[in-house]
Amino acid sequence: MPNWHLHHMNALGKLDALMGPVEAAATDTYGRIARVFEPPVVDILVQAVWQSSVIPDRGHTGFGNEDLVTLWLAPGHPKLEENLGEPLARTVAHEINHVMRFRSAGGTRTLGDHLVCEGLAGRFVEQLFGNVPEPWECALSPQELAQYVSRALECFDIPAGYRSEEISMHEWMFGSGDLPSWLGYTLGYEIIGAYLKARPELQASDLISIPSADFKPALAGLTS
């Protein structure tokens, strides 16, 4: 993996049994991406964290921006071992897509940016692995999702984030108040799916640099 640099934060040895599986998952993902285009140059930081810090059904989670992919693994988590193969490789691919999106489209500033970014990553993983949607990408039925389309359209261009922005992505992604859990992930996944359905000549890997605004009509179409 000449373009990827793995850094295991392992001074206490908590990752001893996990370094091999992480390397294998990264190598798998690297090869799949390389068949589409050259993988981006990036550092991948691997850390051991508390069990409460990861996706409960996975035992791990990931983050990605223009500079870095971070993988959090919870040693001893009851779900981790069964998710160290392809599920972990899919997480790597998801976060690598975020890296490419941040570098080509300037990051995530609005609600629309966040929805599109997550949807692109999910569909990119699907392109590479041929997997069914992750649980957070199919958390709502089309009928349930349609109830939130008008609200998403109204808020599409409003600043959003995980700190003090006008719109809280914690609410849209993880659920609170009147918003259901994983709404933003499912909505983003369906936005990109609708865009691709209307353009069968394209794949998710072709969409990485397209401005978020171009996907707004696909969002509007989810009501039909």
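This is a predicted model: local features need pLDDT of at least 70, side-chain atom pairs count only at pLDDT 80 or more; totals for chains, interfaces and linings use all residues.
Residues are numbered from 1 along each chain as its sequence is written, and side-chain values use heavy atoms, with hydrogens and water left out. Helices (H or I, at least four residues) and strands (E, at least two) are DSSP runs, numbered from the N terminus.

I then followed β3 to its partner β4: the two pair in the antiparallel sense over 5 bridges, where pairing requires that DSSP finds at least two bridges. A hairpin of 3 residues joins them, and Phe 63 stands opposite Thr 70 in β4.

Next I checked strand β4 (residues 68–73) against β2, to which 6 bridges join it in a parallel arrangement; here Asp 43 has Leu 68 as its bridge partner. Strand β2 (residues 42–48) also runs parallel to β1 (residues 4–8), with 5 bridges between them, and I found His 7 opposite Leu 45.

Last, I turned to helix α2 (residues 86–105), of which 16 of the 20 residues are buried, so the helix is largely enclosed by the rest of the structure. I compared its length with expectation: at 1.5 Å times one less than its number of residues, it should span 28 Å, and its end C-alpha atoms are 28 Å apart, which agrees. Just after α2, Gly 106 takes a positive phi of about 85°.

Methods:
Buried means under 20% relative accessible area, exposed over 50%, partly exposed in between (1.4 Å probe, protein chains only).
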